[in-house]
Structure formats: structure tokens, C-alpha cells
Amino acid sequence: MSEDPKKQVDDNGKRGSAKDARNSAKDARSSKSARSSNKGIITGVLSAAVILAAGGGAVAATSMVPAPSGGSAVDIRQADVPAGRSLGVCPEPARLVTGTEVDTDAEFSPVSTTATSALNALVLSNPAGTIPGSKVTSLAGDTVAEIAKTPTSTPSPSSGPPVLAAAAASISPVTAPTVVGADPIGNEQASVAANLSYSAKDGDLRGLAAAPCQKPGNDAWLLGSDTALGRTAVLNLSNASETPATVNLDLFGAQGQIQAPGARGLLVAPGTTRSVNLAGLAPGESQLAVHVRSSGGPVAGTIQQSVLRGLVPGGVEFLSSGSGPSNLQVMAGVDIQDAAAIKALGSKAGFTDAVPALQIAVPGSTDAVVQVRLYGANGERQLPNGGVVTVKGGTVATLDLDGVPAGSYTVSASSDVAFVASTRIARGAKAEEPTDFAWSPSSARLGSQHVVAVPRDGQSFFSFGVPEGRATVSYAPVTADGKVGKSVDVDMSGGTTSLIELPAKSGQAVVAGYVVSASGDPAYGALILGRQDRADVSVLGIQDAAAGLEKVPVTVGY
Amino acid sequence: MVAHDGGSYLPRTLAALSDQTRSADAAIGIDTGSTDNSLDLLRAALGQANVTKFVQPKSGFGAAVQAGLDELAPAGAAQHEDVAKNAEAAGAVQAGAVQWIWLLHDDAAPAPDALAELLHAVERTTSVTVAGCKQLGWDDDRHVVDVGLSTSRWAERLTLIDADEVDQGQYDARSDTFAVNSGGMLIRRDVWDQLQGFDPALPGSGDDVDFCWRNWLAGNRVVVVPSARMFHVEHRPHGLGTSSAARKAQIHMRLKHTPWWNLPFQAVGALLGAVVRLVLSILVKEPGYGFSQFTATIAGLVRPLAIARGRRIAARTRRVHRSVVRGLQATSREVRANRRSLLEAIRPSEETTVASDLLAPEPSGDASDDFAALATNERGWVGTGAVVAALIAFAVSFVGLFGLLRTGIVAGGGLLPLSESPSDIWANASSWWISLGAGLPGHADPFAYVLWLLSLFGGGDGNSATVWLLILAMPLSAIGAWFAAGALTTRRRFRIVAALAWSGAPALLVAINQGRPGALVAHVLMPLLMLALIRASGSAIGRAHSVRAPFTRRPAPVLGKPGINGTPSWTAAAAAGLAMAAITASAPSLLGPITVVVVLVAVVLGTRGKTMWWSLLPSAALFIPYGISVLDRPRSLLGDPGLPLSFDAAPLWQQFLGQPLAFDIDGGLTGLGMFGPGAVPWALVLALLVSVPVLLLAVAALFLPGKRTALARVFWLAALATLGSSWLMGHVATGVNNNVIVGPFTGPAVSAAGILLLAAALLGADKIFAVPTRTPDTVRWKSPLRRIASGVALALLVGGPLAGMAAWAGQNVLQPLSEAPVAADTANALPSDTGNKPSLGSARQVRPVDNGTLPATAVDRGQGPERTRTLVITSGEQGAFTSSLMRGDGTTLDSLSTIASARTIIGAPGREEIATDDAATASLRRAVATIVASTGVDPRNDLEQLGAGFVVLKAADDAAQLTASRIDAVPGLVAVGQTDAGWLWRVTPRNSAAATAADTAHRVRILNAQGEAIGTLPSEEVSVDAAVPAGDEGRRVVLAERSDPGWSAWMDGRQLKSTTSGWAQAFELPANGGHLEIRYTNPWGFWFGILQAVVFGLTVLLAVPMPARRSRTGMSRDEVSLRKEYSSV
């Protein structure tokens, strides 16, 4: 704080005027004061310049080094989700709708006397060879059968190749909806798969139907139901949780969403199944998509779809949910037989649904332009009409695949609008003979270690498709005594589909299922079931692999 | 002969001694370690043999006399002795076989006949053993100092002489008196020995009174002999007779001469009296005097040994009852009358000062008397400018924030709702346990006290007060800046410019729009701090006629109104302290720079800066408890209060332009499409328009010679220091919210630098436009040019802030806040346009809140005795979830803690990261993951441990519906439904036994030995006070709080053993039930509370403007009167 120069000037001025008489003294004083005032001004300017230079220097210096950011985001911390029980809710075997007239005429009785049903379940061990405790229970939780006992000790996984083991169960006949459950080992979910298969050689519900035991959820899309004349669609909603579920159904038909008052607020009590005849909600809809939304407990929904053309049974199938709305849907296991016969059959009245077809539902209000591609054994197969179909928003559309030559295909549909899709496979070429159909819902790409349970009777095939690139799919048989066999690799090039017939036995043991893994570009797969010399068919999607250690990004705030 | 640095008085004293008409029989001198020529003078006058040295610094007059007597005239050996204190031992007089001692001071010259008169008086009666002189002035022998002494009932030493009283013989009739002055005191030697001389515990003042008192009690008389005159020096520099010594002596005598049973009452009374004196002295702005009195009282009280000794000696010689002296003591009526006349003697001179004040041509400062008197003049009311500026600011603010008036609660940005009642806010503010989430130890933010004040201003409704604070921030800033400008310039147009510039400062506009309460309060209060500091140092602009005081180290000799012309102001210093406490609490990152600047200024100013030290006290008291609890995490000290909110810090050159947030030169103006990015760099244009005129003037202030260039330099240096330190601190991360780490906000530092540069600019403007009026003739031709130039400059100065305000209001009106999803509160708060060029200004984030943070059911349980918490989950982008564990009616602004937000940051500045979760946070994360993943796993173990009885899902998008459906299936959660505040689930207790008692989770649970919940207890926010039934052995009571040694529990007065249950605090319960108390205590908490209360109480008292006039001498009336009392000791 230097002495103020101006002040000095003032002071000196005053002093000078007070002493006018002594001029000489004043002169001497003022010259002295001028010097000191000059000096003061110079110091003042210098110090001001120094201050400004300091400010400028600070600005310049700070612009060269990284400035404080003020805020930066870090990766959101992932929280481990404790593994819960792996659950699969299996539908009950196909049943006639209550109220169906049962005639005395045995030849035309709607009741299938030859109906068989089987629940096949397969539980895979963890890499250390420990098989998780698992059992089959009723919806209410009563044990039906035990697949594997709860392990007493859980050896920690050792390094080296995994030592896999498995436990299988096959229950036949099945009379009620069941739940296949497996406990987690440590913090990992158990790998478990199960399916229910039904077959009958007579009656209205003649044919082969199979459905995987699904993980219950709160949101599912079911495609392929049909409530036109002679078609029966029964939606079964099973609640295996301890929480009551309130289910709302959104129904979409060819003309758009169908308003059905009875479709709202369906209460499904814990441990029960509720059946809804879709014809009561949306009668006469030949292409019906059902969006099942539940609040409260999660539910598993399947539609038992059957066809009766006059007196001739047209087949039976369980429709189960595929992957949710997406811009790309891939359906594997589309097995098409004789193209000409199908075309001929399809042209007959009442047989329009006896041909292979792709059904697309668009949930939103935007129209979807869907590009459909077919990949056969020898590469992509062009569709007759170019494969482009426009589906109005909120409607369901069907694209017949009747011009496609015989073979096993993988169907890929893509659009810039999210949609759901499913593909119908038909068997039987003669109008007067019973036919059967199956629906292959869209499926997720194959990852590692999917468990596939295989019914112990009939024929079964794997159909793998690789739309693009190159992928290797390997499958290892699992026998009923719990041994995991040597895996078989299938190297596939893009745009092709492989159909692999599966042996009933591996060595001496009955094959209970397979462990399927895929690597490389996206590969899709399905299990096709059939009967020797019969027109029966059913397609099972390959279920998602166990989630392993699941993580959820969770941040903690105030 | 004894002397102590009395060289200047000794010659006259010694001469007077030798001129005695009845000369002393023997004279001895004692020197008490003088550093001047006293010893030589004594030796020359009295002879080598009769002079001794007595060097005991802590002893007083009595001890020196005693030592001199012992050495040079032992009783019985020497015949006649007199000793003089500090000066002369005078002749001892022989009257028969009786020896008399005549005590003389080195600064008191006796009249030639003094000894003769004294001896004459004592010869008349044998009962008189002590006689004293009439004390007159050293220079003015007609000025009465005292004629005999008295005491009040409180043992106060009194002369009962009016100021400037002239000796007209009016006291010459006095004879018997309570006591006499020790200067010229004639004592019979045997009485001296019997009473053992003066009490050594009374070195400075009151020893004569005490001696005479004991003399009376011994059955002897004390007389004053008015005809014996003594010329005594008044106001001797460095004398022992200070007011604090007098106070100490008073206390000592009070305790010494009271019956033993009365001792404690006297002691307590003395203490209370001291406190009252302290408060009064602070009220009259003489804290130094008050403190010296207070410490003197304490010093007097804490000498039990000296008191005991004094009492023992006094008891030994007491012959008559204590009440004998009562009649000689002054009655309180006399004392009051004397005081009043003393004051009247002082007052008239002040009224002339007041009259001269009225001549001041220009008023300055605010309306309160102590800051500056508002005087009217012919130009109309001076406050018109303030009203105009405030109205403009209010209009802009009203337009820009109109939407906020819709409701009583605002949130968004850094704002959260406040607790409902001021008492809740106070509880949060003063707590040592941070009730946030799972709780953690630490003192609450000092800012919570600011919020408490805010809610008091709002009549108890803190949320409404927040709304009004946001709306009134701009007008309040304008008024504050207008007042502050008054301390720097007398020109009204510049005060208006300052008001507009401050209310339209970008830092304020950003703080309002982003809801940063701390930066906002700091900005509003900063002009007041500035004003108060300027006045505290006496640097405010003064009257035209008074002497201009440049920066000097000494207070200006001409003492006028405090605050100007170099006169420090205690009121202003205390006001500065309060403002600084509020500002540093609101913007803790400013604590360091402000403290450093104030300390430096105070040091440089020396005694003139003494008042500024006080202004540091409130901030220190506020931050000490908080600082203690962040010793392990000092980065909390820099954290901004409120929700940690990330921002884009401006580079330093933009901060100089007053912009806290970074902008791109051609980034356009936020929210104004017309001025978007394009060919014209609108952002730069506006930023320059707002600040460049002010900056130019500030630079001019540096270079233009003038009276206040030094002040301008101080402003510049302080501004540079503030910005520099802010830039450095910006590298330290101080808060975490969700996954965002944020540093201290640049706003407060930009505000601080802004007000400093604005102040410098005012000085500069004053100089530039002052020139033409001072040089009338030579540059007259320039006058029109100057007028045009100054008009343009003024237009620019006013136009910049107005343009800034208009842009802000326009952006808020044109882009009304989109109904921001609730998630915006807690979700990733990074600026969404980080990829784009940042534009100038900030979009409005504060918004009215129509419904509570939590559903009413949860609030009901959260505030009831259950103290149930609510886990709030917000689904964000890309499947991420944010979560918070809320208490009561949701997390409130006052319960937020910078300790909590900085707790998890580790790493060096610039490379910070978030530490690994502790058990409680991990538990919370796991619970959230379990719930949202809905894998069928029961989350209740974690939820009960966390005390969460409700789960709320807030959603920003449609996917939340699906999440909500999934959560429905989580075991243990019962869906209540969708509420205004989100989907709500209730957590059912696991244990059915507990479920019958209560259907929701409690904060306090009782677990049995197996760890199962068997009961719950009601609790308060922090403490627990409940009855526990008897039960099994091995029970534990578990709190849903992190364990900490500060928790303690008592069952029927018996302390319980502390233990833990996982991360939670628990106590072992005995089998028999009883009354359970659980508290969180800090051993220092109580004392810190006392300290804060004392400091703030005193500061508020000191800051209360009193119309008290100062005496010419600059002392309080109390001290003036005391000076008179003790001057002659």
C-alpha cells in the first residue's frame, strides 16, 4: 500500500497556500513535492501494471494446463443380482374345451383315447459338476417329482475344462400344469430346460403339440391364434408365484386392435391356472396376436390352438411366446414339405391355414415395411413376391410361404419398426386326411450352453440357421443317466440352414437332451418334433441359456 | 526512594520533598527496576545508602514499600522512616515514640506544607492512624482529583469527584473518610506492621482502599486532610491504574471483606456482573473494554490462595464488626448521581459533532445511523435509485420465474424441498449425526443454519421462503449493491449502475436457474460483506469537509463517525462477521480466500484493522465443529451445499467476464433460437457487453491517480486471489451424486471477484467523472465531449446488465421448463449438450413441485414413531437404476451433507474415483438390484436392515411400467398402487410375530439371539426413548444406522454394551426390560455449542446499531468515567 501520490500533491498545495509569504520556501517545497509525486505516479502505474500482468498471466497460464472440469461421470457401478430359482412353468396337456359335445360315435368322438403326454426336464450341473437341487412341482408348490437332490456340498469350480453332469426327468402322463424349478448354486442360476409334449392319434385334438416350460413373466406376445370357425384357441395363464396376478390382454387382429371388455383385469390367484377362450373375446379372427401383460405376480401364458375342419382334425399346437417386439425377428426350424401339394391344398376352402406362413404383428401405430428373407440349406431363397410386406400399425398380417420349395429354412424378418413375428409350419398334403401344424416363434440368438430337453419318443431334429457370416454350432448329447456326451460341431456358412436328425440313443443310453452352444456370427436354432410316418409336427424354440451372474447398474443418490 | 520509570516526574517530586516545611526525619528510596534514570535521581537526592532496589515485576507498590522498610529501616532499628511508592520514601515523622510512614509516589509532588498539615492532623487524636492528602492535578493545581476515597457496596473504588471539578475548597470540611489515596498517605508504623502493609494481591489499584478498610476494621480511623495538598499526575502512560486492574482489585476486595458464607454468592455475582458488563460494552461497541473487564473479573476470581491469605490477615486484625464501615461507603444513589454528572460533563461536546455531521453535503451508506446518516437534499430522496433498480430487477425476475409462484415448493437442479418446520431444520443443522441414507457420523453443514434462518424469515415455511428467495434474489442483490456502492462513490448514477450490474450478474442468473442455493445466498450477501468490511476498516468514502485518510496503519487522529475516514467500526466488523459467516456457510470454497484476504488486510492496517479480526470469529465458530468432523475427509470443506450438481466450469478468462459456466464464442444464447449459433457470435457479444465496461473502469481505477488507488489495488489483488484459488480448488472433487463426481461450483468465486472488480470500477468511474468538476477553466472546451462520452459510457454500463437480464428472462419465458421427469433430480446430471458447443447461460432447472417427494403413506410412517424409510428407485437410461434411501418425507435440502457427498471420493485431485462400497451401501445396492431384477429372491433381509418399509419406483419412461410389473412379483413387496410420487410397494415384515405388532419396518428393531426380529421400538429422528418389555437373554436392539462409537444406550440408567449387527449399530439388551435410551453424542458437541452461541450472541449484540455517541476521546462513557476514577492511582 504505497502512499497516495495525489494526496501528497494536495497536502503540499495546502501547506504552500498557507505559507504564501514565504515564497522561497514554497518553491523549494513544491519542486521537492513534484519529484516525489512523479515517483509516486511511476510506482502507482508500475504496481497497476504488475497487477494486470498477474491477471493476464494467470489467464494465460491456466489456459495451457487442463482446466477443472466441474463434473465428470464415472461408470455406473454394477450390483450383483442374487440368483433366484430357475423356474419353468409347463402347460397342461391339450384338453377339449369344456362344453364340447361328446358323441357316442366312437369314430368321430372328439375325445382322444390315444392321447399321451410327457414332461421332459433336464438340469445341467455347474462347471464343477454339482447338479443343483431341482424338482418338478405343481403350481401350488407340491412336489411331483424330484430331478436332483439339493447338493450337500458345493465344490468350488476348479480350473481346467469344465466337468459337466446332468440330471434328467421324464414324467408321463402329465395331468396338470407343473413347474420345473432349480435352485441357484452360489450366485449363479441353474441351467434347466423342460418341455411338455402331447400327442394323440385320434379325437379332435389329434396331432403333436409341444411347448417349452417358460419362465414366467409380466409381458409376453403370443402369435398364431385363430378363432375362426372350427378353430379353437384357449389361453392358459399360470401363476406360479405367491403374489396374485392381474392380467390384461391386448388383442390384435387383421383389422387392428380388438376391444374386448373381458380382456382386462383377469385375476390369476397364486398357484392356479386360468383358461380364457379367446373366441369369447375376439370371435372370428383368423389371425390373432395376444399381448399378455400382468401386474403382480408373473405369469406364464400358452395358447392351446386346435383346428377342426368339418370332421377332420387339422392339428393341435401350444403357442408360446417368442422374443418381444424388435426390429429383427428370426425364426428357425421352418420345415417345408412338398411345395406343389401345399399350394394345392391351400387353395381349397378352409385350408388357407394349412400352409406355411409368416405372421407379423406390429404393436405400435406406425406401419411396418418388413423385409422377409428365407435361408435354406443352400443359401438364401428368394420369395416369390420379393419378400417385402407392409403391415399396418396395430394389425396382424400373414405372409404365406406357399411358393417355397421343400426344405428346412430359417426365416428372418426385419423392419425399421419394432414388430413381433412367428412362423407356421404345416404337415399333411391331403385334405381328407388329418393334418397338423406347428408355430415357430421368433427366438433369440444362440449363446453358450443352452440346455435342450428332448422327448423320449418320436423323431426330433435340430434346425440351425445362420443368416449372415459364419458360425459354429456344437451340440453334446445328454443321456438319461446324466452323462454329457462328446459334442458335435457344425460349421455353417452364412445364409444357410442345417437340419440335423437326432438319434434316440447315444450309445446304450436314451438321449434326454442336448447342450447346445454357438460361436461366431449370430446363429438361431429350433427343435422340430415329428412322428414317423405321420403328419404330426411341433417346433420348440431353444430356451435361453441360464443367465449366469446377472448385474444391474445401480447408482446411489440422496 | 522507590521509582519506576518516573524520570520525568522525579525532579519535581524530590524537590517538593526537600522543600517540606516539616522535613522528613529520614527518607528512603526504592527503585523497582526502572529503565530510565530514576535510580540515579533517587540516589542523588537521598544518598546511596538510603536507596535500594526492589525488582519483582509482578509485585506492586505495597510490596516495594515493605521491602524498602525491611531493608533500610527495620522496625525498631531505624527511628524514622517514610517510604514512597515508586518514587520517594519521605521522612518518617516522630511524634513521641510513634513512628509514622509517609508514602509518596514518584508522580505525586506534595505541597511544601503537606507533611506538616498531616502531622498536625494526626497529632490531635490518637485514634487516627492513617491520614491522606487532597489530590490535585499535576499541571493544573485547581483540578481536584480526589479528596478521600470511598467504595460502593460492590467494593468499587470511587472518588465521587465530577469531571473537571475545580478546587474551591468545597471539600475542605472533610475529615473522616473511608479511604485515602496512597500517594501522600501517612501511616503509623505500628499499624502498618500490624496490618502487614498493603495486600500484595492488589498490586495496581485498590491497595490503598483495602488498607484503609482494614484499618477501619482494626478499630482505627482514617482521615483526609484537605489542607495537605498533593499534586498527582493523571493519565500516566503505562500506569498500573488501569480499568482492568481496578476491576480485579474490586473483585478481590469484595471477596476479601465479605463474610465467609457470602463468598460463593459474591463470586457468582461478580461473574454475572462481568457478563452483563461484557454485553453492555459490546452494545456500546467497546468490546475491547468489555473483554478486559471480563478477563480481569476472571483473574480476580481464580486466586483462591491470595484471597484466603488476604482474608486471614484481615481477620487477624479485625476488631470491630464489618458493618462499621458501611456508613462510610458511598450509597448507590451517590454513585449514580456522580456517574450522571460525569456523563453530562462529556455529552455537550458531542452535540457539536452531530451538528457538523448535518452539514455533510452527500449522504452515503445505508439508513442505519451507524453506517451513515441519510440526509435529504434538494435533489430528492436519495433512495430513489435503489427503488428503481430493485423494481427493474424484480420485474425481470418476476417474468423469468413466474412459473414458480404456482406452488409453495420448488425443487430441481441443486434444490430439494426443505423440512417443514424450522425446528426440524435446526435439529438437522445442529446434529452430529447425518441422517441421510443409512446415516453417518459428522456435523451437519453450516449451510443448514442459513436455511434455518431462511425458514424463520419465511414465517416457519422454509419452502415458501425458498421460492421467494429465488424471486427476490435479484432485487435484493440490487439493493445490497446499491448500499455497498454508497461506501465507494457518492454519485447516484454509479450506485444505480452497480445495483443493476449486480442483480444482472451472470453468476446470479445461473445460480437461480440451476437452483444452487449456496451460490445464490453468497451472491446476494456479498455486497453487504463488502460494505461492512470497508466500513470496519474505516475506508468508506467520507464527508467532503473532513480530512481524507489514505491507508495508514494508525486510526485517524480525528475521530468522527466510525466507518469512514479511517475510523474503524465495531458495528461494521460484527456485521461483516455475520455476513461472512452466512457467505462462507453458503459457499465454503470461499472460506479460505476471504479469510486470507481479511487477515492480510487486518495485518497491513495494524491497529486500524483491529476490528476486522472480529469479523473472522463467527465464521470460525461456525466451521470449527464441522471442520473437526471432516478432519479425515478435508475435501468436504470445499463442497457446495445442496445436491451435488455437475457443471461445465468456465476457463479463467470467461470467469473474469463474470461467467461461471463455460460458453463457446459462437455457441449462441441458451434457449433463444434467434440468437443461436451462427455467423454472429452472440454469446461473446453478450458476455462482453455485460462485463467489459465494468472491467475497463476497474482497470482505469488502477492507473488513474486518485485518492483511493490503493483501495482499487486491494480490490484487484483480492479478485485475482479469489479467482486463482477457485481455479485451484476446482481440481478437487467434492461431491458425488449417483455416478457423477463434481467439484466446487465456480459461481461464488466469480461472484466474489465480480463484486471486487465492480467496486474497483466504481472507484475508477468516480475518478474519471470527477476530473472535470475539479478543473473548471483549463479544460472547459472538452466539456461537451466529456458529457457525450460519459453519456455513452453510462448507456453501456446500464445496457449490459439490462441486456443480460432480458436474455435471461426471455430464455426462461420462451423455454419454459418442460415437465422434467422426476428422474432428472437424481439421474445423471451432466449437461446434456456436452457434445455440442455450450451456449451462454443455463436452462432453468428449478421447477415447482406439486406433490411431495414420497407418497403420503410413506411420509406418514416416515415421520411417525416408526421412522420408516423409503427406498426410492428411479429407472434411468440404458437399464440403469438410481436409488436413494429417504427418511421422513423425503430427503430435504437441510439434511443433505457435504460430508456425505464427499465421503466416497478417493484419489488425488484430478484423478478422483469413487471408493468401494461399504457394507451399508452395498446392502442398499444389492436390495435395489434384487428388486428391479425380480429374480424371485427375497430382498427383505437388506431392506429390514436398512429400515426401509416402502419401495417407490419413479419412472421417466414407459419401460417403468414393465419394471413396476416385475417388482410386483418380488417376494415380500405388496403393491399399494400408483401414486402421484410413483409406484408404491409396502414391505411386509418377515417375522409374523413382529408383523402383528406393526405392519411396516421400523428404524429400531429388537432381534433375538437367532437374529430374528421379535419386536420394534418407537424412535425419534436420531435418539430413542422407549420402554422395552422383558424377554429372553441374548436380545439385541438394532438401529438402522451405521455403527459408530458415538452411539450410546442406557437401560434404566445403566449403560448397555455396544455391538454391531452387520454394518448397523446394535446394543445388547438385558433379559429384564426397562426404559431404553439411545443417543448419539459427541464429547465436544456441548462445548462447541456454547462457543457458537457465545460468539454469535456477542457478534449480534455488537452488530446492533446503537445511536450511542462517542466521546471526543473515542472511549465509551463507561471507560471515561473509570479513567477518572483510577487516573490518580
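The following legends describe close-up views of a predicted model.

**View 1. Crossing of helices H20 and H35 in chain B.** Helix H20 of chain B spans residues 570-586, and helix H35 of chain B spans residues 1085-1103. Their axes come within 7 Å and cross at roughly 135°. Angles over 145 degrees would count as roughly antiparallel and those from 65 to 115 as roughly perpendicular; H20(B) and H35(B) are therefore oblique to each other. The crossing of H20(B) past H35(B) is left-handed.

**View 2. Residues at the contact of H20(B) with H35(B).** From H20(B), the contact is made by Trp570(B), Thr571(B), Ala574(B), Ala575(B), Gly577(B) and Leu578(B). H35(B) contributes Thr1099(B), Leu1102(B) and Ala1103(B). By class, 6 residues of this contact are nonpolar and 3 are polar, with no charged residues.

**View 3. The side of chain B that touches chain A.** Here 69 residues of chain B are in contact with 57 residues of chain A. Elements of chain B giving two or more residues to this side include helix H24 (682-703), helix H25 (709-729), strand E20 (881-886) and helix H33 (959-968). The largest share, 9 residues, comes from H31(B), a helix that covers residues 919-933. By class, the side of chain B that touches chain A has 38 nonpolar, 22 polar and 9 charged residues.

View 4. Within E17(B), Val740(B) is the bridge partner of Ala73(A).

Conventions:
Residues numbered from 1 in each chain as written. Chains lettered and ligands numbered in written order. Predicted model: local features only at pLDDT ≥ 70, side-chain atom pairs only at ≥ 80, totals over all residues. Axes fitted to C-alpha atoms, helices over the stretch in contact; angles between N-to-C directions. Helix = DSSP H or I, 4+ residues; strand = E, 2+ residues; numbered from the N terminus. Parallel < 35°, antiparallel > 145°, perpendicular 65-115°, else oblique. Left-handed = near helix turned anticlockwise from the far one by under 90°. Contact = placed C-beta atoms within 7 Å. Nonpolar A, V, L, I, M, F, W, Y, C, P; charged D, E, K, R; others polar. Pairing = 2+ DSSP bridges.
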